[in-house]
Amino acid sequence: MSETEVRIGIVTVSDRATRGEYEDLGGPAMIDWLKRALITNWQPVPRLVADEQHEIEAVFMELADVDRCCLIVTSGGTGPARRDVTPEATKAVCDKVLEGFGEQMRSVSLHHVPTAILSRQLAGIRGGTLIINLPGKPSAISDCLDAVFPAVPYCIDLIEGPYLETNEDIVVAFRPKHAQRRP
Amino acid sequence: MSETEVRIGIVTVSDRATRGEYEDLGGPAMIDWLKRALITNWQPVPRLVADEQHEIEAVFMELADVDRCCLIVTSGGTGPARRDVTPEATKAVCDKVLEGFGEQMRSVSLHHVPTAILSRQLAGIRGGTLIINLPGKPSAISDCLDAVFPAVPYCIDLIEGPYLETNEDIVVAFRPKHAQRRP
Amino acid sequence: MSETEVRIGIVTVSDRATRGEYEDLGGPAMIDWLKRALITNWQPVPRLVADEQHEIEAVFMELADVDRCCLIVTSGGTGPARRDVTPEATKAVCDKVLEGFGEQMRSVSLHHVPTAILSRQLAGIRGGTLIINLPGKPSAISDCLDAVFPAVPYCIDLIEGPYLETNEDIVVAFRPKHAQRRP
């Protein structure tokens, strides 16, 4: 892997997938969506981890600090159940929480199900890495990425990460004029 | 009271009602709404408490840990005034905060009054108990319960509580198919 | 300044404006909006401060505790970048955070740009002072004040501040009937 390559952490959080009782659908769904959405070359760094806060935190720290991922997306573990601890792990490793991501994802999911208010999905910044919690269900992953990704490339600019370009048929990234690099 | 009976804590938080200067309207309004909405047999466990954070926390702990209420609803004490401390008490006893409840209640109340943004209502989980803060005013209690209750029975399933069934003329509870118990 | 005069803190948070590399547009934009909106006599107490959390906190404490401002509005420093620390400073000095302000400001800004979810604007209460974070850009300042100001006079009543009256051509303040003072 070259130093300048764009890397994105793809984290599936699931006790059952970790024990092999259940096929990981969240990880592939996140990769598929990002493959369609990004024009910039990028490399997925996939991880599968149990619903244990300290293990999830360790994965985040490795992906952010060692692998230098500019973005980490997670699937699963954001509900109200006792074993759901992905948001706790995310908050614990982040310098800043961006409340708007969770609000926007719940708002969009409410168009589908009233139980969207049970989701504790959030996003935050750790140094030069944006971490976004997504749901476990593939169709809901896609709805949430559609909703928040227009703000992701500019967010990564602001934390001094790589300049990401999107396929505008899939997602139109917004940048203020002064931040746009056009040939 | 049988071990398997469903119990719901009904907590009015009010200095004035505690001193008898003011009739408690919030408690009866919450009970009336729940009587209309729930088909499942349930027992209210009513409490009246002053706007004192530690007293409110003690009431929550008793209702959750001793009385084994699966749900606690509160009325009052969620504004910006110095004596308003219900959200502080709720956060202090909860393992998890569910931001979506407060967002949804404020969003619905904004259709009535722009001062809805002053409300700090939240919901959280303490072990096997869901705690939901509601406003003090009876008509606003009803608006907020209408807005969030469709998600409540499935939330209580997820924290391993009793299977609540609703009167669908009043509120249509949502559960994903795998969580539905049909005869 | 008389003891009974209404004072409002106007805080521009900007490294560049502090170094003189950049004209402060946020401060004047906040003052202009408030001049149009308020009928009550008031006095701006303007401050310019670098993006340093402890310096911002010191400014808030002076404006709230010494100058007895009933309201402090800030411009800038609410994004995801490393130097953006206005919300951190606000939270640190406040007794209560009012989540509804941030939700409402992001919701309104989302009508203009999808990057509104990157804003961490919040509002909170320190004793008898309401602090509201606004964006850096003058047009966005105006959008946000239009959205939240209808709730501000009643909020200030609730924290025992002065009775603010607005120019209803600009902003219609809402108060419940029992809180209205009419001649």
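The model is predicted. Let's start with symmetry. Chain C can be superposed on chain A by a rotation of 120° with 0.0 Å of shift along the axis, giving an RMSD of 0.0 Å. That is the relation of a three-fold axis. In chain C, the residue that comes closest to this axis is C:E103, whose C-alpha lies at 4.4 Å. The copies use different surfaces, as 7% of the contact residues of chain C recur in chain A.

Where chains C and A touch, chain C gives 14 residues and chain A gives 16 residues. The side of chain C is made up of seven nonpolar, four polar and three charged residues.

Now look at helix 5 of chain C, residues 99–109. Nine of its eleven residues are buried, so the helix is largely enclosed by the rest of the structure. Among the buried ones are C:F101, C:E103 and C:M105. Their cover includes helix 5 of chain A and helix 5 of chain B, along with parts of chain C such as strand 5 and helix 6.

Finally, chain A has an open sheet of six strands in the order 2-1-3-6-5-4, with mixed pairing.

Strand 4 of chain A runs antiparallel to strand 5 of chain A, joined by two bridges, and A:V97 stands opposite A:G124. Helix 3 of chain A packs on the sheet, its direction making about 165° with that of strand 2 of chain A.

Notes:
Residues are numbered from 1 along each chain as its sequence is written. Chains are lettered from A and ligands numbered from 1 in the order in which they are written. This is a predicted model: local features need pLDDT of at least 70, side-chain atom pairs count only at pLDDT 80 or more; totals for chains, interfaces and linings use all residues. Copies are superposed by least squares on the C-alpha atoms of residues with pLDDT of at least 70 in both. Two residues are in contact if their C-beta atoms, placed from the backbone, lie within 7 Å. A residue is buried if 20 or more other C-beta atoms lie within 10 Å of its own, exposed if 12 or fewer, and partly exposed in between; C-beta atoms are placed from the backbone. Helices (H or I, at least four residues) and strands (E, at least two) are DSSP runs, numbered from the N terminus. Ala, Val, Leu, Ile, Met, Phe, Trp, Tyr, Cys and Pro count as nonpolar, Asp, Glu, Lys and Arg as charged, and the others, Gly among them, as polar. Two strands pair if DSSP finds at least two bridges between them. Axes are lines fitted to C-alpha atoms, for helices over the stretch in contact, and angles run from 0 to 180 degrees between N-to-C directions.
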